[in-house]
Amino acid sequence: MRLHRNLCFAVIDGLHLIFNEGEYADKVIQQLLKRDKRWGSRDRGFVAETVYTIVRYQRLYAEIANVKAPYHRDDLWRMFAVWATLKGIKLPDWKYFTDTPTRKIKGRFDELSKIRKYRESIPDWIDELGVAELGEAEWTKEIAMQNEQAEVILRVNTIKTNKKDLQLKLQSEDIETEFLPNHPSALKLVERANVFKTEAFKNGWFEVQDASSQLVADYLDVKPGMKVVDVCAGAGGKTLHLASLMENKGQLIAMDIYESKLKKLKVRARRNGVHNIEMKVIDSTKPIKKLHGKADRLLIDAPCSGLGVLRRNPDAKWKLQPEFIENIKKTQLEVLDQYSKMVKSGGKMVYATCSVLPSENQKQVETFLTTEAGKEFTLVKDKKILAYKSGFDGFYMALLEKK
């Protein structure tokens, strides 16, 4: 592989924004990919994958390159040289690469790869937390899987089409997919491709949604004609799935504290041909109190550490702080306490997170069931998904029924 100067500069600029300016990797990559109209898919793929790999292995590469944050541009070039050397790419004779100790890099890599926190490139405290919560063996496998690149999974929008027709439509646009067992609405891309440019996407035939995430709406057991509330709707991936399971019939209320996210959901709902969604911003306790005892079904896709989706957000492990996890656990219990009151007698709710930590999952449900609001519920079933076992994102979901 030959390195091209303009692509390498884009990578370095992106790393600077992510590591030194605290910007989010996915947003940075979106900007970078618009940088040069002449870039083909291979060029854009190189930029995106290289940035993501160096972000993912920041600690390991920085240790091998002997550099410390905040990184100067020269430091970033040294980390880039480590990445290239480990990939077996011949370094061009640019000034950034003079004196790159190729053999030393490989030796250091072998040495550091014996230590999990370097090999998987994670902060000490996350490594310790993972071991404490999942045990040494399980955590070792899980964090290794969280460094693998996530596959692209689509969820067919059954309001507009079916899985077979979507597969054929994508095939006609040169995108090969395969069915996934135990995931009724999922198609997996055989090779990565920009699916957002397809006719099928513009027509609202599918959304991009991980296979584990697709199990959450299914878990809620919704039926057409019900009154269903999604209280942490965000940009609405699961809301749209609920709408298709409800066949566009009944009332689906999407709530969030961020109006900007609900605006994105509005655009997506239009493309999906969904018209049974009502959107409400949670700007006080009023919209919640109005719904007390009214919902047949309630989805709480709770805010969490996101330790089950590091494959998609590798920069999150550098932004997370121990105090955030402690605070988010308090928020999770508050959310369960306040929002569960919307469920009517005989109704059901799902509490879900994209975390693999029992303290954010099973333990939160156990604690909730001992509270005043929680005493009215019984746990029907729960499901813990680990990435290394499923091949998809780490997730947790619990189905509770109100007496």
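This is a predicted model: local features need pLDDT of at least 70, side-chain atom pairs count only at pLDDT 80 or more; totals for chains, interfaces and linings use all residues.
User: Which residue meets the side chain of D210 in a salt bridge at 3.9 Å, N to O?
Analyst: Good one to look at in the viewer. D210 sits in the loop between β4 (206–208) and α12 (211–219), and its partner is 101 residues away, in the loop between β8 (295–301) and α16 (316–319). The 3.9 Å contact falls within the 4 Å cut-off, so the pair counts as a salt bridge. The partner is R311.

User: Is R312 buried, partly exposed or exposed?
Analyst: R312 forms a salt bridge with D210, with the closest N and O atoms 2.8 Å apart. This pair also links distant parts of the chain, 102 residues apart. D210 is buried at 8% relative accessibility. With a relative accessible area of 29%, R312 lies between the 20% and 50% limits, so R312 is partly exposed.

User: How many residues apart in sequence are the parts that D301 and K238 tie together?
Analyst: These two form a salt bridge whose closest N and O atoms are 2.8 Å apart. D301 belongs to strand β8 and K238 to helix α13 (residues 237–245), so the bridge ties together parts separated in sequence by 63 residues.

User: Which residues do salt bridges that share partners join into one network?
Analyst: D210 is a handy place to start, as D210 forms salt bridges with R311 and with R312. R311 is buried, with a relative accessible area of 4%. The network joined by shared partners consists of D210, R311, R312 and D393.

Notes:
Residues are numbered from 1 along each chain as its sequence is written. Side-chain values use heavy atoms; hydrogens and water are left out. Helices (H or I, at least four residues) and strands (E, at least two) are DSSP runs, numbered from the N terminus. Buried means under 20% relative accessible area, exposed over 50%, partly exposed in between (1.4 Å probe, protein chains only).
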